[in-house]
Amino acid sequence: MRQIKIPAGTYLKIKFYCSKKKISLTFFYEVMLDWFLNKYRHHASLVFQASTKHSQILSLWINRNQIAQISDIADHAKVSDARVIYTAMMLYLESLPEFAVTV
């Protein structure tokens, strides 16, 4: 399990999206991280985003394989696992038509 901070509005949009698609939040996070790791794992110039001060803490259950890959990326980029996960989430949301421009 890892914790990240995300804006409350973004969390509500994710919950609504999952409800609409009839998927669990855990499944959403797993798909989101798979997408990110497949697309950006070897991106050396990726700029990692940081959440705002006024964010809520979100706990994510992440499988061990994903954790290991996230930790490798974080170590290489000298950022926290949370920043890698937050960046993954923001990039994934931007890729979804439902979230385009509104995240």
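Biologist: Within how many Å do the axes of helix α2 and helix α3 come, and at roughly what angle do they cross?

Modeller: This is a predicted model, in which local features need pLDDT of at least 70 and side-chain atom pairs count only at pLDDT 80 or more, while totals for chains, interfaces and linings use all residues. Residues are numbered from 1 along each chain as its sequence is written, and side-chain values use heavy atoms, with hydrogens and water left out.

Two packed helices are described by the angle between their axes and the distance between the axes. For helix α2 (residues 25-40) and helix α3 (residues 64-77), the axes come within 11 Å and cross at roughly 45 degrees. Helices here are DSSP runs of H or I with at least four residues, strands are runs of E with at least two, and both are numbered from the N terminus. An axis is a line fitted to C-alpha atoms, for helices over the stretch in contact, and angles run from 0 to 180 degrees between N-to-C directions. Helices α2 and α3 are therefore oblique to each other, given that angles under 35 degrees count as roughly parallel, over 145 as roughly antiparallel, 65 to 115 as roughly perpendicular and the rest as oblique. The crossing of α2 and α3 is left-handed, a word used if the near helix is turned anticlockwise from the far one by less than a right angle, with clockwise giving right-handed.

In this crossing, Glu30, Leu33, Asp34, Phe36 and Leu37 of α2 meet Gln66, Gln69, Ile70 and Ile73 of α3, where contact means heavy atoms within 4.5 Å. The residues of that contact divide into 5 nonpolar, 2 polar and 2 charged; Ala, Val, Leu, Ile, Met, Phe, Trp, Tyr, Cys and Pro count as nonpolar, Asp, Glu, Lys and Arg as charged, and the others, Gly among them, as polar.

Helix α2 also packs against α1 (8-21). The axes of α1 and α2 come within 9 Å and cross at roughly 105 degrees, so these two helices are roughly perpendicular to each other. Tyr11, Ile14, Lys15, Tyr17 and Cys18 in α1 meet Leu25, Phe28 and Tyr29 in α2, and the residues of this contact divide into 7 nonpolar, no polar and 1 charged. Lysine 22 is found in the loop between α1 and α2, and its phi is near 60 degrees, a positive value in a residue other than glycine.

Phenylalanine 28, which lies in helix α2, is buried at a relative accessible area of 1%; buried means under 20%, exposed over 50% and partly exposed in between, with a 1.4 Å probe and protein chains only. Not counting residues up to four places away in sequence, phenylalanine 28 touches Ile14, Tyr17, Cys18, Ile23, Tyr92, Leu93 and Leu96.

Ring pairs link Tyr17, Phe28, Tyr29, Trp35, Phe36, Tyr40 and Tyr92 into a cluster. Rings of Phe, Tyr and Trp (its six-membered ring) pair if their centres lie within 6.5 Å, and planes under 30 degrees apart count as stacked, over 60 as edge-to-face and the rest as tilted. By this rule the count comes to 6 aromatic pairs. Among them, tryptophan 35 and tyrosine 40 form an edge-to-face pair, 5.7 Å centre to centre with 65 degrees between the planes. Tryptophan 35 is partly exposed at 22% relative accessible area, whereas tyrosine 40, at 14%, counts as buried.
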